[in-house]
Amino acid sequence: MTDAIAHGNAPIAPAAQDARSALAIMRWLAPLAGLVAIGLVWQIGGLVLAHDPRFAAFTGFAPAPTLAAFMRLLGSGEAWRAAAPSLARVLGGLGIAFLIGAPLGVLFGSVKLIERALQLPFQILRMVSPLSWMPIAVLAFPTWDGAIVFLIAAAAVWPIVFATAAGVKRIDPAWLLVGRTLGGRGLALVHRVVAPAILPDLLVGLRLALGVAWIVLVPSEFLGVTSGLGYAINDARDTLSYDRLAALVLLIGLIGAALDALLGLIARRVSWTHAH
Amino acid sequence: MQRMSEVEIDIRQLSYRFDANRALGPVNVQIRRGERVAALGASGVGKSTLLALVAGLKSPTSGEIFIGGAPVRGPSARATLMLQRPALLPWASVSENVALGLRFNGLARSEPQRAQARVADLLAAVGLADRADALPHELSGGQQQRVALARALAPQPEVLLLDEPFSALDIPTREALRADVSRIAQKQGATLVLVTHDIADAVALCDRAIVLGGNPGRVTADMGVGDEGVEYLTEALRAA
């Protein structure tokens, strides 16, 4: 037996090494292949539209005019002007959802009686489409912005509540027991033990909430506001600027994916569950 | 040399009712400062409950417990607990785990250098000075239990409560950890109360043993543990 084998460092056969390299390259290429496939479907759709006179007005949806409009959106600063108010509304809605959802989730996960009392009403409320609240939101809030932030918060609160509750239930009781015998009380125990323990679940909830909030945002911005991505989409439709409309759809998708990736990155950095 | 004349733990007419069919007490035990006492008995007799009562994690149905003359009204760092499982915080490094009690008692904030030195001393004492930055999952079971020992001793408790801390360890690790507990607790002057099923743990670590038996659980034997300890204890446990 060679030293390398004895120490678990056996040399890798060239064929196996080649197979590993090929696998690594394929892993990198897979997302690119997915994008190319989507692009092809899009291009075919564009060609179909271009060859049918009934859809002549919609040729702006094809990749080439869309990408040209997308570059104009970026170059003129319109992309940022449309995205900034939307991001502010999503941030506001998510913030409110977090402030309400995280403590509620802690209560829901830690007090059996509260869980029993609220399980059914929460499940009923969770299944109501957030947009169903639109008429009530319009009546209840003096500004359109307030109504939109409310709708986003109403959509985003549930993933946070349930993910936080799941995190609380997963806390090892021994951590709390030891913490208490070491003199941990109230907020100090929450800060040192409970909060870090539930953080990975909380971030999963926040990521799900962001997805829901971003989906609810555009139809919410069809309400009376004169700014934001939803308004810009409406405006593009009204002015028959279909290339701009498609570019805005692309922008919404890209921003949403970037925000999700950012939260995913943060979640991976602070998560301890993979090591536990 | 420790002063062993003063009473550290005074358990007076202590009773605890688990349910309609099971109870502990009344129990009367006095443990002197620096003494090392093992509590033995059959499963379910109430040994761990007695420990939880002394730790202030449970409230007695009747009776009182005093530590250093003050009544136990709840958990405090005067009596810290080491469990069968290390129960380390998996997101915190070894040194952060050891420092947990020092954060709770404010020393880590008021005197950070002293707190750091204390953590470093304890890690050196349990042979883990070079693993201060490691995460718990990077350590072996025995090493994790050593970190739990350092964590329990960091706030300098008057009493160290051990709830079968060696039972999940292999024999060499168990013997090494027993030696660590004995050495460090003696250095700190902490009073030890060990709950165990294993007479060998009691004989190796303690100078006195109380045996609990019956229902309601009571002290059926209270003896010094000398060279002939194993024989006497075995007889007492059989009788209980």
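Predicted model: local features only at pLDDT ≥ 70, side-chain atom pairs only at ≥ 80, totals over all residues.
The expected span of a helix is 1.5 Å times one less than its number of residues. Helix H9 of chain A covers residues 186-220, 35 residues in total. A straight helix would reach 51 Å at 1.5 Å a residue, yet the end C-alpha atoms of H9(A) are only 40 Å apart. Where does H9(A) bend? The place is Leu199(A), and the bend is about 50°. A proline follows within four residues: Pro200(A).

The chain is divided into domain 1, residues 3-51, and domain 2, residues 64-270. Taken over C-alpha atoms, the centres of domain 1 and domain 2 of chain A are separated by 33 Å.

Chain B is also divided into two domains. Here domain 1 is made of two segments, 1-78 and 158-240, while domain 2 spans 88-156. The C-alpha centres of these domains of chain B lie 25 Å apart. What joins them in contact? Twelve residues of domain 1 of chain B meet 14 residues of domain 2 of chain B. On the domain 1 side, helix H7 of chain B (residues 171-188) gives the largest share, six residues. By class, that side of domain 1 has nine nonpolar residues, two polar and one charged.

Now turn to the sheets of chain B. Strands of a sheet pair through backbone hydrogen bonds, either parallel or antiparallel. One open sheet has four strands, in the order S2-S1-S4-S5, and its pairing is antiparallel. S2 and strand S5 (70-71) of chain B each have a single partner strand, so one side of each is left without a neighbour in the sheet. Strand S1 (residues 7-17) and strand S2 (residues 23-32) of chain B run antiparallel and are joined by seven bridges. They form a hairpin, with five residues between the two strands. Within this pair, Leu14(B) has Val27(B) in S2(B) as its bridge partner. S1(B) also pairs with strand S4 (residues 62-67) of chain B, through five bridges, again antiparallel. In S4(B), Ile65(B) stands opposite Ile11(B). Helix H1 of chain B (residues 47-55) packs on this sheet and touches S1, S2 and S4 of chain B. The direction of H1(B) makes about 120° with that of S1(B).

The other open sheet described here has six strands, in the order S6-S7-S8-S3-S9-S10 of chain B, with mixed pairing. Strand S6 (79-82) and strand S10 (218-224) of chain B stand at the edges; each has a single partner strand, so one side of each is left without a neighbour in the sheet. From one strand to the next, the twist averages 20°. One parallel pair is S7 (residues 159-163) with S8 (residues 191-195) of chain B, held by five bridges. There, Leu162(B) has Leu194(B) in S8(B) as its bridge partner.

Last comes the contact between the chains. Chain B brings 22 residues and chain A brings 18. The side of chain B that touches chain A has 15 nonpolar, five polar and two charged residues.

Notes: Residues numbered from 1 in each chain as written. Chains lettered and ligands numbered in written order. Pairing = 2+ DSSP bridges. Axes fitted to C-alpha atoms, helices over the stretch in contact; angles between N-to-C directions. Contact = placed C-beta atoms within 7 Å. Nonpolar A, V, L, I, M, F, W, Y, C, P; charged D, E, K, R; others polar. Bend = angle between axes of the 7 residues up to and from the residue. Domains from an automatic or database assignment.
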